[in-house]
Amino acid sequence: MSRVFLGDVAKERKETCKESKNGYPIVGLEHLTPEEINLSAWDEDTENTFTKIFRKGDVLFGRRRAYLKKAAVAPFDGICSGDITVIEAIPEKILPELLPFIIQNDTFFNYAINKSAGSLSPRVKWEYLKNYEFELPDMDKQRKLAKVLWAMDATKRSYQKLLQKTDELARAQFVEQFGDLISDKSKCATLEEICEVFSDGDWIESKDQSEDGIRLIQTGNVGNGVYLDKGERARYISNETFVRLCCTEVKPKDILISRLPDPVGRACIIPEGLGKCITAVDCTIVRLGPKVLPEFLVAYTLTPLYISQISSFVTGSTRKRVSRKNLGKVIIPIPELVSQEQFAAFVHQSDKSKLEMERALAELNATYKKIVSENLG
């Protein structure tokens, strides 16, 4: 094993398209998924000004805003944005199948972030990236390492597909059971009408925050159809601040709905045992009346019926949001409680399965990062 510079084993492809771009898939920064090594989206036959060519097997690195951690392997030849650096392996120096794991890892991204220039939209140049230094094993070990890492990536994608299918099953079950209710006004109500409390969270400035005390749940903590997501790191306010600002306490079984992306309108249930907490101003606190179960309502927020309504109310171009007033207008079907309970039990079982898969996926990701760090650090 020896230490090498990226520029010793790879080079920037500078090929450009000087003829017709017809038939070439088009890849922009928006097509690269953060921390995903596989390219799963692209455009075809669209008007664009891109001319940079990439070849199958190249690594497409998002050089603008490197902190987004965008880098993926090209599964075909195509044309990409100038904000993507095309990195080509030198086969006699490095196994091309291993190069993507050197690029798509935290250590490399941290290096790229430190070398980026610009305030609003920082970019990093190849002349800096090529000086990234890392450990590179001999070719035999490279082959073994690449085989293990690609197998782990395949397992990761299988977990992700299972999670997606689980969500799709819950949505399909909801539509099958309750989809017809949305057209029966006697069995529907607006979101605000079914609430005992329907209010915004509190405006908490940075100077009001503290290291411990009363938990502040931010929009980044609001998962999508789950109890609570890690999202942003935990923040707090003191009890004195709570009293001074007359904050609204969030209670177990309350629902928080984020009026900001991503996506707008996602919801989570506050669990038991979280302790005294409040929420941020862009979260709406929903405390339901006796006609609707929290688990039922949160499940409803995952359905096309809800999502299409929220989409129609979203405003803003760069900073999308939905107002609390418009959120309150969303129509909610209200079946019999026994039906809600049955569906909530179904969703609860689905969530348990998802939780196990998410734990397995987290462990897999941790093992993957450890292997990369120990062998390519």
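## Helix H8 and its surroundings

In this predicted model, helix H8 spans residues 304–313, and its buried residues are Tyr-306, Gln-309 and Ile-310. Viewed down the helix axis, these buried residues of H8 fall within an arc of 100°, so they line one face of the helix. Pro-304 and Ser-312, on the other side of H8, are exposed.

## Nonpolar cores

The largest nonpolar core comprises 38 residues. Within this core, the residues that touch the most other members are Leu-6, Phe-61, Leu-98, Leu-99, Ile-103 and Leu-149. Helix H10 (residues 337–376) gives the most to this core, contributing five residues. Apart from this core lies another, of 30 residues, which has Phe-174, Leu-181, Val-292 and Val-298 among its members.

The contacts of Leu-6 can be set out individually. Not counting residues up to four places away in sequence, Leu-6 touches Leu-99, Ile-103, Phe-108, Trp-126, Leu-129, Lys-130, Tyr-132 and Phe-134. Two of these partners, Leu-99 and Ile-103, are also named with Leu-6 as residues that touch the most other members of the largest core.

## Aromatic pairs

With ring centres required to lie within 6.5 Å, the count comes to 19 aromatic pairs. One of them is formed by Phe-61 and Phe-109, which are stacked, at 6.0 Å centre to centre and with 25° between the planes. Phe-61 belongs to strand S6 (residues 59–62) and Phe-109 to helix H3 (residues 106–114), so this pair ties together parts that are 48 residues apart in sequence. Phe-61 and Phe-109 are both buried.

The rings of Phe-178 and Phe-343 have their planes at 85° and their centres 5.6 Å apart, so this pair is edge-to-face.

## An aromatic cluster and a charge over a ring

Phe-178 and Phe-343 also belong to a cluster linked by ring pairs, together with Phe-174, Phe-296, Tyr-300, Tyr-306 and Phe-346. Tyr-306 of this cluster is one of the buried residues of helix H8, while Phe-174 is a member of the core of 30 residues.

Elsewhere, a lysine side chain is placed against an aromatic ring: Lys-276 lies over the face of Phe-242, at 4.2 Å from the ring centre.

Conventions. Residues numbered from 1 in each chain as written. Predicted model: local features only at pLDDT ≥ 70, side-chain atom pairs only at ≥ 80, totals over all residues. Heavy atoms only, no water. Core = buried A, V, L, I, M, F, W, Y, C linked by side-chain atoms within 4.5 Å. Buried < 20%, exposed > 50% of the residue type's maximum accessible area, 1.4 Å probe, protein only. Helix = DSSP H or I, 4+ residues; strand = E, 2+ residues; numbered from the N terminus. Contact = heavy atoms within 4.5 Å. Arc of directions from axis to C-beta. Phe/Tyr/Trp six-rings, centres within 6.5 Å; stacked < 30°, edge-to-face > 60°. Lys NZ or Arg CZ within 6 Å of the ring centre and 35° of its normal.
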